[in-house]
Protein chains: 2
Amino acid sequence: MIKIAIDAMGGDNAPSEIIKGCVEALKEEKCTVQLVLVGKEDVIKKELDKYKVDKSRIEIQDAKDIITMEDSFSAVRTKRDSSMSVGLHLVRDEKVKGIISAGNSGALVAGATSVVGRLRGIKRPVIAPLMPTKKGYSLLVDGGANVDAKPEFLYQFAKIGTVYMQECLHVKNPVVGLVNIGTEEEKGNQLTKEAYKLIKEDKNINFMGNLEAREIPSGVADIVVCDAFVGNVILKFMEGFGNWVFSMMKEEFTRSVKTKIAALLMKSGLKNIKSKFYYNDKGGAPILGLKGLVVKIHGNSKSEEVKGAILQVERFIKTDLVKKISMKFEEEK
Amino acid sequence: MIKIAIDAMGGDNAPSEIIKGCVEALKEEKCTVQLVLVGKEDVIKKELDKYKVDKSRIEIQDAKDIITMEDSFSAVRTKRDSSMSVGLHLVRDEKVKGIISAGNSGALVAGATSVVGRLRGIKRPVIAPLMPTKKGYSLLVDGGANVDAKPEFLYQFAKIGTVYMQECLHVKNPVVGLVNIGTEEEKGNQLTKEAYKLIKEDKNINFMGNLEAREIPSGVADIVVCDAFVGNVILKFMEGFGNWVFSMMKEEFTRSVKTKIAALLMKSGLKNIKSKFYYNDKGGAPILGLKGLVVKIHGNSKSEEVKGAILQVERFIKTDLVKKISMKFEEEK
């Protein structure tokens, strides 16, 4: 049986929503995993008592401390008995196949890198979230790990992303685009100009060249490569801009009796549009390039996201994603 | 009388839309400027013959060459008889008070910097477009000039932006936000961490601190500071994402008879939302920090944008924007 650890104390809605999500996941027929909830044992037990759940599929791993959003990126080292730290050690010691955390991103990336460790040949692990596009989903690498990136990092992200899209989303020859300010090869800043050359040289990457941010939502690139600063701006701007558009729509649809009728007539259409953006079941973002599976979910995740992440991690493990990435970097030595 | 030069040959829709925009601007009652159309004289004359226009308010400055989108950023130097180069020299020689161009951005920024020249104390000129927000408009600095920025550049952009918002948009104590991946002072990449300190030290800047991209659309910052790579990503992503949302809305509104009725009932509401994003009359983006006024409009600008830019440049000149920026940097020596 596959065992997955859950950081029960990480995130804005921990532990209640985290544990609720675990219970919901275990109720899914397709979910066959065993969960290890990491955190304060008494708190977790009390939460679990709220639900009817098959206790044989849940273990509790006690951890007395909590890493908060205010803690520094080195918190996994300084707070050894935190739920995040204990959980990452379970991954390192192969007690579990992977871990999910809604906690402090900086601490999770740094902690995972030092505790779980990088795969051979990998310079930097990368956070790889899926983002919605006209065609479906594109993988954004880097979604949050390396704000001061080097050209070789971006090149590796393109490689890692290619493995992910092939193995997990079954895209045969995934297209890689490098986020840039223009389409021509010579455009960009120092980072992208050099990264362009590196990616272009690798014949195993289906490189479309530079990708202007205008084209990202069209889904023309399956893999969107950029440093984590730019990736963060894209993800958060999309969120803020989307919220604004929907708030304007709400305002216009509630303006008069006439527009309220329109809202009723458009109910399912609006739901379709919204479901494109609020894609909570997409299951978080894996930190790829590590020796184990570490998945970051949004700090304000609710039970639905936790459940989605558990189901997704199960798929990652069945796909043997970590091994596939490892092989990609081994074979090219 | 105020004279403004127009690069009649720059941009995807030149010369027809450029000249149409000039004609439309001159018909506006509030517009009192004299226009100098720079480009191939015969072509311009032929275009002008299509309209009834007060010829006494239009001069033509012949320029035989054209800088295309494919030309390098040094094209103003290599193509001395291009409309852009000739126009920029008119600004330098004070034959006109400013110039508007829809041509190659890289060439325009580099050409303006070398021909018109930087104001004393300014390290780098900056492209400063307005972007729509929930509250109205925010100024984005840098919208496209410096992709490899240094902390001091970002600090100067905050200063220049403050002058612009005070003088041109009459915002009394404009709020400056530094685009970053988190709100805490220690967050960010090397560039933003150092820029943060510089901006914070200047007591004449109303600095809110770091601004997550999620908050940009809320309008919480009047001035959004970032390097041109990030600025370009924000502007273009907004464009692409907006287009996608509207295309989805169109699809949903045309799905059935029911939704088509909803579309009719929502007609003015949808127009309200759209008008927020397609803000063609906002008049382009000035390149600030130069000894003269150079305004960049979108490469695919139509007559409406050209007209808007002319009206805006007239306001800039009446405000004496260049002098105000110059004074700001002089007084603090």
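1. The accessible surface of chain A comes to about 14300 Å², with 48% of it belonging to carbon and sulfur atoms; such areas follow the Shrake-Rupley method with a 1.4 Å probe, and for residues only the protein chains shown count as cover.

2. This is a predicted model in which local features need pLDDT of at least 70 and side-chain atom pairs count only at pLDDT 80 or more, whereas totals for chains, interfaces and linings use all residues. Residues are numbered from 1 along each chain as its sequence is written, chains are lettered from A and ligands numbered from 1 in the order in which they are written, and side-chain values use heavy atoms, leaving out hydrogens and water.

3. Along the principal axes, the C-alpha atoms of chain A fill a box of roughly 65 × 60 × 35 Å.

4. Of the 333 residues in chain A, 58% are buried, that is, under 20% relative accessible area with a 1.4 Å probe, protein chains only.

5. Turning to the interface, the contact (heavy atoms within 4.5 Å) takes 51 residues from chain A and 51 residues from chain B. About 4900 Å² is buried between the two chains, and carbon and sulfur atoms give 77% of this area, which is the accessible area (1.4 Å probe) that two parts lose on being put together, summed over both. Phe229(B), Phe237(B) and Trp244(B) supply 16% of the area that chain B buries against chain A, more than any other three residues.

Note on methods. Buried < 20%, exposed > 50% of the residue type's maximum accessible area, 1.4 Å probe, protein only.
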